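Okay, thanks for coming, everyone. I'd like to walk you through salt bridges and interfaces today, so let me put the thing up on the screen.

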4 protein chains.
Amino acid sequence: MAQDAGSNVKGALGLPARRTPILIKGNDAIVKGAILAGARSYFGYPITPASEIAETASRDFPAVGGVFIQAESEIASINMVYGAAATGVRCMTASSGPGISLKQEGISYCAGAELPCVIATIMRGGPGLGNIAPEQSDYNQVVRIGGHGNYRTPVYAPASGQEMCDLTMAAFETADRYRTPVMVCADGFTGQMMEPVVFPDPIPARPEHDWAVRADAATRRNLVSSIFLEPDELEEHNRHLQRKYKEIEEKEVRFSEYMTDGAKLVVVGYGIVSRVLRSAVHLAREEGIPVGLLRPITLFPFPKKRLEELAHQAKRMVTFELSNGQMVEDVRLSIHDRIPVDFYGRMGGNVPTAEECLDVIRRAAREGGVL
Amino acid sequence: MAQDAGSNVKGALGLPARRTPILIKGNDAIVKGAILAGARSYFGYPITPASEIAETASRDFPAVGGVFIQAESEIASINMVYGAAATGVRCMTASSGPGISLKQEGISYCAGAELPCVIATIMRGGPGLGNIAPEQSDYNQVVRIGGHGNYRTPVYAPASGQEMCDLTMAAFETADRYRTPVMVCADGFTGQMMEPVVFPDPIPARPEHDWAVRADAATRRNLVSSIFLEPDELEEHNRHLQRKYKEIEEKEVRFSEYMTDGAKLVVVGYGIVSRVLRSAVHLAREEGIPVGLLRPITLFPFPKKRLEELAHQAKRMVTFELSNGQMVEDVRLSIHDRIPVDFYGRMGGNVPTAEECLDVIRRAAREGGVL
Amino acid sequence: MAQDAGSNVKGALGLPARRTPILIKGNDAIVKGAILAGARSYFGYPITPASEIAETASRDFPAVGGVFIQAESEIASINMVYGAAATGVRCMTASSGPGISLKQEGISYCAGAELPCVIATIMRGGPGLGNIAPEQSDYNQVVRIGGHGNYRTPVYAPASGQEMCDLTMAAFETADRYRTPVMVCADGFTGQMMEPVVFPDPIPARPEHDWAVRADAATRRNLVSSIFLEPDELEEHNRHLQRKYKEIEEKEVRFSEYMTDGAKLVVVGYGIVSRVLRSAVHLAREEGIPVGLLRPITLFPFPKKRLEELAHQAKRMVTFELSNGQMVEDVRLSIHDRIPVDFYGRMGGNVPTAEECLDVIRRAAREGGVL
Amino acid sequence: MAQDAGSNVKGALGLPARRTPILIKGNDAIVKGAILAGARSYFGYPITPASEIAETASRDFPAVGGVFIQAESEIASINMVYGAAATGVRCMTASSGPGISLKQEGISYCAGAELPCVIATIMRGGPGLGNIAPEQSDYNQVVRIGGHGNYRTPVYAPASGQEMCDLTMAAFETADRYRTPVMVCADGFTGQMMEPVVFPDPIPARPEHDWAVRADAATRRNLVSSIFLEPDELEEHNRHLQRKYKEIEEKEVRFSEYMTDGAKLVVVGYGIVSRVLRSAVHLAREEGIPVGLLRPITLFPFPKKRLEELAHQAKRMVTFELSNGQMVEDVRLSIHDRIPVDFYGRMGGNVPTAEECLDVIRRAAREGGVL
């Protein structure tokens, strides 16, 4: 029966019932993944390079009996998410840097009111209007929080079309498990790229949340709010939030490694950068450089523990980012500055080539006494 | 002549011509300081606990022939700041957490277009609506940047009524010197507190900016924009911004110390917290604990170098914040984790007492082998 | 099958399958009527005394698989109506005076682009905020057009709960037949009153409009727009609109009469006023005054022809309005000022009693030489 | 002294101190006139063909120490007018059809709260976006009121550059005298045309209004509001408004005539149309047709009395409008349909030529038995 429903949903999305890969844009895979995870409400406003998400959502959500609203503004859309999430349904929005900036108040409200929802950002060049080429310069905004108050949000960083689907699905599960907004944070490259993706079966419907407000007698007394006028109450609420983030840090870390066995040099990168680094590491290993790659899949929680372990084995680390150096601080904090951590960055939409990264690896290996 | 103008301005603000202290709220001192620094344009929207800034600005700016506009929204006000700043005049806005969240897009645009302006935030409880009691939980939003893109803004953190005036004036000078938005970041306590303030003479008018757009023939070809469609151009623009931030880090650091001579334990706090810590350090010294206080006056640039020096002399550090622990990461990064850095935080609007801080100091001294 | 669908729709609305009367508020009857007429999209913003429309729509539209969106503003909601109507679906919004004022641009756009849609207004006291008691002071706004440009909209003026349903259904039919926005214009009294209503069966689905834009290949070349940059083209478009309004004036007039046989005095009133007038006419006839009532059911087209006929038989007319005298001009224009037309009005939410109207009738009969 | 001030103001506006004509666009003349009438606050949003008003205002208002704000929207600007007017200062906004539609709520609020202000509309083609060529199709919106509630606004209809200045000045006087919003209603042709204009001396400052709210102790108890919750109070407020409109109808009518002596045919037109009609009447008189022109200068109050007098002398009337026939109803109502009133209209931005009007006059003369 659930299987049937699954087939129906996949059919409505134009997906094969079986696990046959289909070629699809990363942005589109986010939408399919959201619906397979049970999301039935999308509120958003189009912005390059995230626009396909809204476009595909406008077709796919109604196709499965869901709701798609192109709101009047980025602010309206995040507040609609707040409203929908308060009823307990799985819902989402998506945007790029300038839009995510506008949504900061709303995200903070969702975090304060502990509303599960998913916000995807497909990062472009900045600051200001910048351009529409890929960057990772919104790391601090997304991971260290651009809104006001003591909150955090789990952040998934897909590096492939498959992960655009899978991590979006994971994001909904995490959002519900911890009653928190969750970000899916990809660069414009990963959003625009077409790749074969195998779509999993839909997640079976879960029981309704007992805290939600569903306009019925049973939930009439439920209150969804971020106001705590008494300092002691707000402090206790914040301590509750910190305990939740602590638990997330303990249980939800995800990362992947490539050739870290015996690595004396560890390179760190996420998203599209990690794919370039994979090639560069492969080339470097062929040259005899003992280098490995650590790719954070969750940016919060950050793979601190594994990095610290690697810092005992390695002599040097290098982070590669499409930014002015933001994640590098999380790497340094993770390893307590035990070994030097270099940073190599490109900005403005430029993505380094494997050769370019290889050069950086060679230099770091030399300077770090790795060879 | 300039002196006369100064007397006139001070007279229009209801301030004594001489340097006689007057009793005034911190929020009001920001407005007087802004006007003494030459600001003549204020655009804002009221929000507790920053509302007195808008209220006083509505009287004081027109009183000196300036412009005050209560905009339709936080977003309208930051965009009016963008427009006014593009003409080269000194202008400002102010808000608190939720409003600053809404302004993130606009701040990023000002940073991208290199527009000098001052944005004051009087931090309250969060996340979401939270409450209107003081917090420092927007440190990451303000210092590590809540908007999109690779930008930073200098951040001044006043701890007294006098500094609410003086640092606002400094903020305007820094904004103009580096063509950058600058934040004045105070907690609600410092904003609401009344203290005696000596108001300096007005800063003499400076020459007009040659990059500004003043609707005349001379500036017709000037372009104020944050768009750079070509990745190489946007990358070069970003590298230019990073050089600017680097220079700011080298030249504009401000901090103050109290009893750090021979301190084996260093406590770090800013804003209202630093005043409580001063008392706690005094009490601890009387007990024979060799403790000193480092107070960052600029949060960006952060007093990294001085902290690192102190880390050679001390055995332990503790940061005190009205947050879940945000500045503590900057302390750890500054000293390369050379010695342990503890964190003690209150949230929800609660401010620790001197006794409470003293207890933390005693424990840190014991555990840190300081005694 | 269609009958089954009908039963299903009525069931989903909580209505009996048979034609059993149920007691219901006028505002609620509008929503049921809209859905029975095939509307599946509602966009609105709540305002007293129309709020029950939005509230009921929020339940009823989703219950039949339709869409309900509480928009960010009155303006957003009328523009969502524009968008939905452009796809050819039956859609509506509702408001009261202040909201209808805000929607004027949008209504003009719908008229210019010839988009069928229904806009209900439940009139309250004005001008400005006024109060929330019933008035008919928006007659000129609704009937003679408050938006810009040479357009008109058919206007239905219900006087009972039954008509709130029936005329809303008629409004949708007229909207589609003539590709035009249509107003349902009731006073707050008729909106708030509870009366027994027999709900008809749903109108069977009609074929899709060939001019609509449905995001498919077949309608890709359709253009829905109100722009005609060339004066000759815009003039021709306007002439086309005028021909349409002419046809509406010829075919769509609705009115009802009461005791007009041999009437030498004719009273004219619509909405709640007509019900009071019915009692007053009855009382006056008992006194021997040869008076009759003409109630316009459509305000545009106005029952000009019938009024002119009555002007040949009668010696005097009186219009009763909850306004400063607006419909009275349409009466005078209709009868070419052949006989005197008096006006009696109440404002501010006061509704005249039957006795009060009887007094006016007595005086008009005396002064008009009717007796 | 006042004269000096006058010279200063004219100097600041770039106008000659003496009464030398200068060549200027109609839209610009509105701005100069407003400032000469004492207006010092302008709030608006640009729209073709009214944009020069905002552009010139942005220079001229600050040049005389006044305020110019380009608001975020049409709605923001009319609400800023509401706020400024409540302080008793002379203030204005301007727009064209679509913008005036959006301002309807605000205008109704100003009327309800009895706030003096001036709103200029430079009419363009409609409905909807229409085009940017001149029309007079917003007559009903402007004269018979597009907002909600029982209000009216005086309407001045300039037909030349000189009147764009003079009638704007008159509008401010009327607004203050009666505490009412006043419209200046011109077609796009009159707004865009350049003509020589002699600018009068500034109107001397008038005493402050005792009802205004000026943020001082003296006016602390003044209340500016359009809310009257009790029906009897709102009815009394409405009766007060009607008495005011009655007084305006008695005292403020303005019109001009051309060759109406002995005219058996009277043509009626306003704005640019009246100038074409003047030529046509001249040509017709040369042919021996006894025709004259009545030009309403105020559209509300309408020159009813004079038209009725002319209806006793003439056999036929014709109104010429750039619309579907809106003013014609006011002509018919004025003369109680005593003689036939024809209508000739152009739409879409087309303006009839003098020859074209002459043809209409010839035909009307023939059919009307005038010859």
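Let's begin with the overall tally: across all chains, the count comes to 116 salt bridges. Keep in mind that this is a predicted model.

Here's one inside chain B. B:Asp330 pairs with B:Arg144 in a salt bridge, and their closest N and O atoms are 2.6 Å apart. What I like is that this pair links distant parts of the chain: B:Asp330 sits in helix H13 (residues 327–334), while B:Arg144 is in the loop between helix H7 (139–143) and strand S6 (155–156), 186 residues away. As for accessibility, B:Asp330 is buried, and B:Arg144 is buried too.

Now over to chains C and D. How many residues does each chain bring to the contact? It's 58 from chain C and 58 from chain D. Between them they bury about 4800 Å², with carbon and sulfur atoms giving 54% of that area. On the polar side, we get 46 residue pairs in polar contact between chain C and chain D, both residues at pLDDT 80 or more. Looking at the chain C side of that contact, helices H5 (97–102), H6 (104–112), H7 (139–143), H10 (231–251) and H13 (327–334) each put in at least two residues. And which element gives the most to that side? That's H10 of chain C, with eight residues.

There are four salt bridges between chain C and chain D. One I'd pick out is C:Glu235 with D:Arg346, where the closest N and O atoms are 2.6 Å apart.

Let's stay with C:Glu235 for a moment. Its side chain also meets that of C:Arg239 in a salt bridge, at 3.2 Å from N to O. Both residues lie in helix H10 of chain C, four residues apart, so about one turn of the helix. Buried or exposed, what do we call C:Glu235? It's buried, because its relative accessible area is 6%, and the cut-off for buried is under 20%. C:Arg239, on the other hand, counts as partly exposed because its relative accessibility is 33%.

D:Glu356 and D:Arg346 are both buried. And while we're on shared partners, in chain A there's a network of salt bridges joining A:Arg90, A:Glu173, A:Asp176 and A:Arg206.

Next, chain D against chain B. This contact takes six residues from chain D and five from chain B. The buried area is about 390 Å², and carbon and sulfur atoms give 59% of it. In chain D, the residues that lose the most area to chain B are D:Ile69, D:Glu72 and D:Met80, together 80% of what that side buries. The chain D elements giving two or more residues here are strand S3 (67–70) and helix H4 (74–86).

Last stop, the surface. A:Leu129, B:Ile227 and B:Leu229 make up a nonpolar patch with about 260 Å² of accessible area together. A:Leu129 is in the loop between strand S5 (117–123) and helix H7 (139–143) of chain A, and it counts as partly exposed because its relative accessible area is 31%.

Okay, over to you for questions.

Technical notes. Residues are numbered from 1 along each chain as its sequence is written. Chains are lettered from A and ligands numbered from 1 in the order in which they are written. This is a predicted model: local features need pLDDT of at least 70, side-chain atom pairs count only at pLDDT 80 or more; totals for chains, interfaces and linings use all residues. Side-chain values use heavy atoms; hydrogens and water are left out. Patches are made of residues with over 30% relative accessible area and no salt bridge: like charges are joined within 9 Å, nonpolar side chains (Val, Leu, Ile, Met, Phe, Trp, Tyr) within 5 Å. Accessible areas come from the Shrake-Rupley method with a 1.4 Å probe; for residues, only the protein chains shown count as cover. Buried means under 20% relative accessible area, exposed over 50%, partly exposed in between (1.4 Å probe, protein chains only). Contact means heavy atoms within 4.5 Å. Buried area is the accessible area (1.4 Å probe) that two parts lose on being put together, summed over both. A polar contact is a pair of N or O atoms within 3.5 Å; within protein, one must be able to donate a hydrogen and the other to accept it, and residues adjacent in sequence count only if both atoms are side-chain atoms.
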